[in-house]
Amino acid sequence: MWWLALLACTSAPVETKPEAAPRAPPDCYARAGTDALKDPCATCHGDARPSGFRDVARENPWTNLFALRVYTTSDADLDAWVRTSNAPDAVWDARFDGDSDGWRTYRAQPFPGFFMTNGTVGETRIRLPPAYRPDAETYAVNLAVLEAMVRRGDVPLAADEARWGVDLDGDGAIGAATRVAFRETGLRWVGDAPGVPTPGGFPEGTQLLQVLRYLDPAPPVRMAARIREVRLMERSATGWRFAGRIEDAEGALRPQSDAEIAMCGGCHGALPVTTDGVFSFGRRTAWGGDLTAVGGPDRTMADGRGEYTAWLEQTGAGDTLGVNAEARAKFFGEGRELSFEDLARDIRVLTLPSADRARELNRVWRAIAEEQSYARGREPVAALGDEQVWREIPPH
Ligand code: HEC
Ligand code: HEC
């Protein structure tokens, strides 16, 4: 499969060194507490917000946020660019269902803020080591056991427990199961997979892959053929290791440098909103397909509110930097077009950008790719003002 070849010639995954590179993402430098952006910080920090910036982190290292980049190709040329695939294997690019080598594509409701309208779209995949997948049926059960551990909840799955002699549904008997029941202890992997499943954790050797793409602006906006980035994380004994590919100035996918990879370990480190550093697996809604297809009703939280409704009320914006005027205008301000009831019915009213906005995002990415300045920030935003983002966090 092409990305395996790509990743194989990427140097070994990098163990990130916290002191060596910025780990606080651009979002931490947003000027929150304004009309345009209330409190976006809890999105990632939950109730455990760091008390302040260390001196070394005061100066905002993400200077691309302020750079004015003008990428002046015509819409027609830009659209043609994003519709041209840069995946080396056209067969894969047409569609992928990865049975033979263990990769499983899944869809998940986007983590709040990481919407298509803010530039996140692509595919997400998981793969467990060979011992977990001697055959498709055994693999499906092991993935369900993992998901139960990650969610700390039951996962529906029809399985004949007698095949493995494991009590999956926790009813004390070996028979036909319709679910894998979460328990803190007592649940087992099936087949010859080593070790015991750990609540809230991924086994060593787990790999997760995210393919991020440009946006195809033809309404309804969806992911385009052209890939911006391939991102891989792999579980080792000491934690996650990261690797990836990214678009070079000519449009091919080159390995990401150590400096570019170093920031991965921040968001995929100890944030309380992840499970063991992973955002999306516990939020899985379906197997297969791409994130473009994720729509329908909002997730309901324990207090009965919709997840995105609660998030919008808290941030007062459609993104964590407070710069997506299009998303904000849908729910806030004078000319508000949509209500939270609309959102509760179909999250796409929030997550999908207009064609114009999709092109705006494509333009910025293309400009950063031409400059190859990813280490200074790769958010699809440009020319932000001092009233939006801190260049330097003031001393308190
Ligand atoms: C997209 C997720 C995300 C959002 C949103 C976010 N943060 Fe962070 N923040 C992080 C990560 C990741 C780190 C680095 C953690 C680490 O080093 O392990 C961090 C680190 C920090 C630090 C410590 C910086 C240092 O190195 O001294 C502060 C302070 C901070 N954030 C404040 C904020 C504030 C204030 C906001 C809202 C304006 C915010 N963050 C929003 C993810 C986020
Ligand atoms: C600003 C925070 C942030 C940074 C920095 C970041 N990620 Fe992520 N990553 C996320 C979020 C949030 C998701 C889930 C997106 C969604 O819900 O669609 C994600 C998803 C992923 C996934 C799919 C598994 C998962 O956790 O959901 C992989 C693999 C991944 N990222 C790898 C990387 C790599 C490699 C890097 C560095 C090149 C990186 N990420 C940098 C926030 C970040």
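First, some ground rules. Residues are counted from 1 along each chain as its sequence is written, while chains get letters from A and ligands get numbers from 1 in the order in which they are written. Since the model is predicted, local features need a pLDDT of at least 70 and side-chain atom pairs count only at pLDDT 80 or more, but totals for chains, interfaces and linings use all residues.

## The whole chain

Let's start with the big picture. The protein chain has 12 helices and 9 strands. Both come from DSSP runs, with at least four residues of H or I for a helix and at least two of E for a strand, and they are numbered from the N terminus. The radius of gyration is 21 Å, close to the 21 Å that the globule rule gives for 396 residues, so the chain is as compact as a globular protein of that length. (That radius is taken over C-alpha atoms, and the rule is 2.2 Å times the number of residues to the power 0.38.) Along its principal axes, the C-alpha trace spans about 65 × 45 × 45 Å.

How much of the chain is buried? Of the 396 residues, 39% count as buried. The word means that 20 or more other C-beta atoms lie within 10 Å of a residue's own; with 12 or fewer the residue is exposed, and in between it is partly exposed, with C-beta atoms placed from the backbone.

Contacts tell you about the fold too. Two residues are in contact if their C-beta atoms, placed from the backbone, lie within 7 Å. Among contacts between residues at least 6 apart in sequence, 69% join residues at least 24 apart.

## The sheet

Now for the strands. Strands of a sheet pair through backbone hydrogen bonds, either parallel or antiparallel. Here, pairing requires at least two bridges found by DSSP between two strands. This model has an open sheet of 7 strands in the order β8-β7-β6-β5-β2-β1-β9, with antiparallel pairing. Its edge strands, β8 (253-255) and β9 (284-287), each pair on one side only. From one strand to the next, the twist averages 30°.

Take a look at β5. Of its 10 residues, 9 are buried, so β5 is largely enclosed by the rest of the structure. On one flank, β5 pairs with β2 (residues 122-127) over 6 bridges, and I126 stands opposite L208 in β5. β5 also pairs with β6 over 9 bridges, and a hairpin of 5 residues joins these two strands. Two of the bridges here link L209 to L232 and R213 to I227.

Helix α3 (residues 75-83) lies across β5 and β6, running at about 40° to β6. That angle uses lines fitted to C-alpha atoms, for helices over the stretch in contact, and runs from 0 to 180 degrees between N-to-C directions.

## The two ligand shells

Which residues sit around each ligand?

## A few single residues

F115 is found in the loop between β1 (104-108) and β2. With 24 other C-beta atoms within 10 Å, F115 is buried. Leaving aside neighbours within four places in sequence, F115 is in contact with P110, T120, L350 and T351.

What is the peptide bond from P219 to P220 like, cis or trans? It is cis, with omega near -10°, and P220 is found in the loop between β5 and β6.

Finally, Q372 has a positive phi of about 55° although it is not a glycine, and A383 also has a positive phi of about 55°. Q372 is partly exposed, with 14 other C-beta atoms within 10 Å, and A383 counts as partly exposed with 13.
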